[in-house]
Amino acid sequence: MGESRESLEHDVLIALPKAELHAHIEGTLEPALMFEMARRNGVDLPYPDEASVRRAYNFEDLQSFLDVYYAACKVLVTDDDFYDLTLEYLRRAATQGVRHAEIFFDPQTHTDRGVEFATVVNGITSALVEGERQLGVTSRLILCFLRHLSAEAAMETLETALPHRDAIIAVGLDSSEKDNPPVKFRDVYDRARAEGFLAVAHAGEEGPPEYIWQALELLEVQRIDHGLKCTDDEGLVDRLVSEQIPLTVCPFSNVKLRVVPELRQHNVAQMLRRGLCVTINSDDPSYFGGYVGDNYVGTARALDLSRDEMFRVARNSFSASFLPEADKQRHLRAVDDYAAKIGAS
Ligand code: HPA
Ligand code: ZN
């Protein structure tokens, strides 16, 4: 493929209308904003400058990333910090074709340091409203429980969230997967669903297919976050295909956290061709080398995915979203119109 052909494909995939369904708002904190917040809040960072922060983004596995990510979260203190963080993410996402974003936040990372739950939610929510006004990007918020902490702590977090339920569409589960199976949070999810929340969970990122089964059967999730280990269990793949359970795959993340050795060996092409409802997302874009459009471009190139396959990924992102049916249909028509205009590769 020549230089100009590559840059054409780049532009086609960046502008492709898409939804992002797997982005942790704390993982969108760019080093420049991190330093600005550290300065204005008087927080000491363990790095002298932005370049040394970036050098620290060399991870062995999920845990080595989480250690850096949680440390950086200490600069987030005020409503304005959460507002600025969220609006900056939406601005970047909008330049990469994002029309709708379903964003994770980790309240326990903040409340355990004395930041009020209301500060976190109000700051994020104000930015989501402003982002829709300025950029036309719609959004939803997903509250994630930290799975390395106890089920009791998750239940307390859920109770703290109840007065803010209108701001939150679903609950999720993130942080260290190994030895923290979904079953640990069964009661919390039962309660969350009874309170009217939808449910998702990270499963099968580093953990085994069994954790995906548990997320489906015990937590009754609508989507699986990551889920790439499903291909180790043919019976599980059959179930995910027949029910079209969406998987929010994050290819750059999987390479940076060494879940897969390199992008060319990622199983997302195999997953798509097997009929799974695959979406492509950024996870923690500031840490993993790109936003969602960059993930589309890098993945399509590395695995030689066709335009039609990438149009399907974009369609999946809207049909897997928690938008009302009429909005889904409007976005799906926008993808179809775009595909008709651009044509197949
Ligand atoms: N996995 C689990 N927890 C996380 C991640 C992830 O990729 N990113 C932020 N928290
Ligand atoms: Zn994630």
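Student: How far is a nitrogen atom of ligand 1 from a polar backbone atom of S175?

Tutor: This is a predicted model, in which local features need pLDDT of at least 70 and side-chain atom pairs pLDDT 80 or more, while totals for chains, interfaces and linings use all residues. Residues are numbered from 1 along each chain as its sequence is written, chains are lettered from A and ligands numbered from 1 in written order, and side-chain values use heavy atoms, without hydrogens or water. A polar contact is a pair of N or O atoms within 3.5 Å. For ligand 1 and S175, the distance is 2.8 Å.

Student: Which helix supplies the largest share of the shell around ligand 1?

Tutor: The shell, of residues with a heavy atom within 4 Å, includes L62, F65, L66 and Y69. Helices are DSSP runs (H or I, at least four residues), numbered from the N terminus. The largest share, four residues, comes from residues 62–72, helix α4.

Student: Which residue forms a salt bridge with E88?

Tutor: A salt bridge places a side-chain nitrogen of Lys or Arg within 4 Å of a carboxyl oxygen of Asp or Glu; the whole structure has 22. At 3.5 Å, N to O, the partner of E88 is R92.

Notes:
A polar contact is a pair of N or O atoms within 3.5 Å; within protein, one must be able to donate a hydrogen and the other to accept it, and residues adjacent in sequence count only if both atoms are side-chain atoms. Helices (H or I, at least four residues) and strands (E, at least two) are DSSP runs, numbered from the N terminus.
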